[in-house]
Structure formats: C-alpha cells, structure tokens
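This briefing covers pockets and salt bridges in one structure. Please look over the sequence and the model first.

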Amino acid sequence: IFRYYQIYCDEIISELIFNKFNLTTQQLFLIGFLFFSWTGTHFKTALPFKSTAKAITDEMMATFIRHFSWTIQEARIELKKFQQINENIFYSYNPLLAKPLLIDRTDIMCPVPIFMFWLVTSGIYYPLIGDRSITNTFGKALGRSFENYVGEVLKKSCTNRNLKIFPEEKFGRPEKSTTDWIVTDNNGILFIECKTKRMTLESRTAIEITVGL
C-alpha cells in the first residue's frame with residue numbers, strides 16, 4: 001500500500017489522478033480502503049453511502065462510486081462479453097477488476113472485496129495509461145516516480161558503509177544516460193534499470209503465446 005501510495009503521490013501523477021477522477025491521491029486511497037474494509041463485513045449497503053470519516057465527504061463517496069461501479073445489468077453484459085469457453089477459460093479478464101462495486105436498485109455491494117484492494121493499488125495504472133490524452137505524460141511521470149522510489153529504498157536499505165549508491169548521470173555527445181541507479185562495493189557493481197510498463201492483458205492470459213505477443 002505504501003509503495004503504490006508514494007509512487008502515485010508524484011506531483012504530476014497526482015494532478016492527472018485528480019483531473020481523471022476528481023479525487024486526490026489521498027482521497028482515492030482512503031475511500032478505496034474504506035470500501036475494502038466495509039464490504040468485507042457488509043454484503044449490501046443502502047444508497048446513498050454515508051461517510052463516517054471526517055476526511056471523506058459524502059460528495060467524495062458519490063464521486064468514487066460513479067467512477068468504479070455499475071448496475072448488475074451492466075455488469076452481466078460485460079461479464080458475458082469477456083467470457084471464454086476455451087483453453088483460456090480460467091485466465092479470461094474479469095471486468096469487475098475495473099469496477100468492483102455493483103448497484104442493485106437502492107443498494108451497493110462489492111462481491112469480491114479483494115478486487116477493491118487491487119483497484120486502489122495496481123489497478124489505478126490502467127485507466128490512466130489507457131487514456132490516450134494523457135498516456136505519454138503519465139508514462140513518463142510514472143517512470144520517474146518509480147525510479148525515485150527505488151532510489152529511496154536503496155538509500156534506506158543499503159546501510160553497509162562499503163556500499164556506494166550513484167543516481168543516473170548524463171554523459172557524452174550525443175547525450176547518453178547511465179542506468180537509473182548504480183550500487184558498488186569492493187567486489188562488484190550492480191546496475192539497476194527501473195521499468196514500469198506492463199505487458200498487455202492478452203499477452204499475460206492467452207495460452208497461445210503468439211496471439212498475445
């Protein structure tokens with residue numbers, strides 16, 4: 001949780017998140033984990049869902065629900081669309097991962113609470129990278145933020161005085177860059193390159209690898 005929160009708190013990413021969801025990174029995490037906790041012990045809750053936390057207003061709750069919920073009827077259509085009765089039956093995409101909350105007339109529910117946990121952490125990546133208007137901006141900001149996170153982990157975990165940590169440096173003409181981080185001691189050198197891009201869903205789930213790749 002802390003890792004994702006720190007990476008998404010990057011200034012540019014935070015702005016993109018707010019423009020996309022009308023919620024700050026902190027609000028997104030707070031509401032997501034409130035739902036994760038609540039729906040783990042309550043199967044159905046009457047709408048409107050009232051906030052019990054001072055940091056979260058009812059309006060924020062309504063905004064979150066609007067982005068990450070759909071009616072049971074809509075969910076049925078999407079589930080049928082992605083169902084595969086073939087060799088990929090156990091690997092097909094579940095659209096509830098994108099919108100874990102279901103609305104049944106005047107009630108709201110989350111059939112698989114862990115989907116809410118995944119949505120708020122690793123899942124936020126997909127609606128942002130999938131938005132063509134911000135793909136490049138988000139991709140670059142995410143890469144830089146993750147690189148900074150890795151550097152912070154290195155500095156806090158490499159307490160041995162024999163270890164030296166070097167950030168990325170520019171050199172030469174035309175200009176080139178070293179790896180993102182270099183860690184050295186008397187016996188060796190560790191070159192670290194940080195990557196945040198993910199494989200497509202099909203490449204990770206299709207049994208026939210030539211299709212997905």
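Which side chain meets that of K44 in a salt bridge? The partner is D104, with an N to O distance of 3.0 Å. The model is a predicted one, and the count of salt bridges in it comes to nine.

- K44 sits in the loop between α3 (25-39) and β1 (45-46), while D104 belongs to strand β3 (residues 101-104), so their pairing links parts of the chain 60 residues apart.
- K44 is partly exposed at 38% relative accessibility, whereas D104 is buried at 14%.
- D131 has a relative accessible area of 18% and is buried; K20, at 30% relative accessibility, is partly exposed.

- K156 and E152 form a salt bridge whose closest N and O atoms are 3.8 Å apart.
- Both K156 and E152 are in helix α8, four residues apart, which is about one turn of the helix.
- K156 counts as exposed, with 63% relative accessibility, and E152 as partly exposed, with a relative accessible area of 31%.

**The largest pocket**

- The largest pocket holds about 920 Å³ of space.
- Its lining consists of 36 residues, and those nearest the centre are S122, G123, Y125, Y126 and R198.
- Five helices each supply at least two lining residues: α2 (11-21), α6 (113-120), α7 (125-129), α8 (135-157) and α9 (201-205).
- Helix α8 gives the most to this lining, with six residues.
- The lining of the largest pocket divides by class into 17 nonpolar, twelve polar and seven charged residues.

**The second largest pocket**

- About 150 Å³ of space lies in the second largest pocket.
- This pocket is lined by 14 residues, with Q84, N88, E202, T205 and A206 closest to its centre.
- Helix α9 provides the largest share of the lining of the second largest pocket, three residues.
- Seven nonpolar, four polar and three charged residues make up the lining of the second largest pocket.

Terms used
Residues are numbered from 1 along each chain as its sequence is written. This is a predicted model: local features need pLDDT of at least 70, side-chain atom pairs count only at pLDDT 80 or more; totals for chains, interfaces and linings use all residues. Side-chain values use heavy atoms; hydrogens and water are left out. On a 1 Å grid over the protein atoms alone, a cavity is a set of points where a 1.4 Å probe fits but cannot get out, and a pocket is an open set with protein on both sides within 12 Å along at least five of seven lines; lining residues have an atom within 4 Å of a point. Grid points are joined across faces, edges and corners, and a volume is the space filled by probe spheres set on the points. Ala, Val, Leu, Ile, Met, Phe, Trp, Tyr, Cys and Pro count as nonpolar, Asp, Glu, Lys and Arg as charged, and the others, Gly among them, as polar. A salt bridge is a side-chain nitrogen of Lys or Arg within 4 Å of a carboxyl oxygen of Asp or Glu. Buried means under 20% relative accessible area, exposed over 50%, partly exposed in between (1.4 Å probe, protein chains only).
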